[in-house]
Amino acid sequence: TRMAMDRLNDKTVLVRKQAMQLLTALLENNPFMGNLDPKPYRDKLSELYKQVIDNLPGAIKEAKEQAVAEEVEDASEETALEVEQATLAAVMNEVDGWTEQEMSEEQQQYKIKVNAL
């Protein structure tokens, strides 16, 4: 859809016309029309997040626990958010390093969940 929107600014009339027809068809045939309540999507996101956090790899889990223990002294929301963001970044980097041949079925499912975040 982004490409079609970009093509609306094209010099060629035919390209602009085709882009408009594509966008019109997408809007007319949108299966989510009138049903874009964000609550189910937020619930699914929080469920995925909880599953990822509950199953952190060992080294990352230990580092997070240590950071949370140090955070108790600071007791600021900014620090808690930074720890959570750093944890997710570390998990994403770790999972990206896994190769398909080495992964178990459980690790493959975990990687899918991490990538969904």
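**View 1. R7 and its salt bridge with D10 in the predicted model.** R7 is partly exposed, with a relative accessibility of 38%. In this predicted model, the side chain of R7 joins that of D10 in a salt bridge, with 2.7 Å from N to O.

**View 2. The salt bridge between K39 and D43 in helix α3.** Helix α3 covers residues 39-54, and K39 and D43 stand four residues apart in this helix, a separation of about one helical turn. Their side chains meet in a salt bridge with an N to O distance of 3.0 Å. D43 is partly exposed, at 38% relative accessibility.

**View 3. The salt bridge between K50 and D54 in helix α3.** Here too the two residues are four places apart in helix α3, so about one helical turn separates K50 from D54. The salt bridge between their side chains has an N to O distance of 2.8 Å. D54 has a relative accessibility of 42% and counts as partly exposed.

**View 4. The buried side of helix α3.** With 16 residues, α3 reaches 22 Å from its first C-alpha to its last, close to the 22 Å expected at 1.5 Å a residue. Which residues of α3 are buried? They are L48, V52 and I53. Because these residues cover an arc of only 130 degrees around the axis, they lie on the same side of α3.

View 5. Helix α6 spans residues 105-116. It contains 12 residues and reaches 17 Å between its first and last C-alpha, close to the 16 Å expected at 1.5 Å a residue. Y110, K111 and V114 are buried in this helix. They are placed on the same side of α6, because the arc that they cover around the axis is only 100 degrees. E105 and I112, on the other side of α6, are exposed. The buried residues of α6 pack against two helices, α3 and α5, the latter formed by residues 77-96.

View 6. K111 is a residue of helix α6. Is K111 buried or exposed? With a relative accessible area of 15%, K111 is buried, since that class takes in values under 20%. Which residues does K111 touch, when those up to four places away in sequence are not counted? The contacts of K111 are with V95, W98, E100 and M103.

**View 7. A nonpolar patch on the surface.** Three residues, L45, M92 and L117, form this nonpolar patch, and together they have about 220 Å² of accessible area. L117 belongs to the segment after α6. The relative accessible area of L117 is 30%, and L117 is partly exposed.

Methods: Residues numbered from 1 in each chain as written. Predicted model: local features only at pLDDT ≥ 70, side-chain atom pairs only at ≥ 80, totals over all residues. Heavy atoms only, no water. Salt bridge = Lys/Arg side-chain N within 4 Å of Asp/Glu carboxyl O. Buried < 20%, exposed > 50% of the residue type's maximum accessible area, 1.4 Å probe, protein only. Patch = residues over 30% accessible without salt bridge, like charges linked within 9 Å, V, L, I, M, F, W, Y side chains within 5 Å. Areas by Shrake-Rupley, 256 points an atom, 1.4 Å probe, with all protein chains shown as cover. Expected span 1.5 Å × (residues − 1). Arc of directions from axis to C-beta. Contact = heavy atoms within 4.5 Å.
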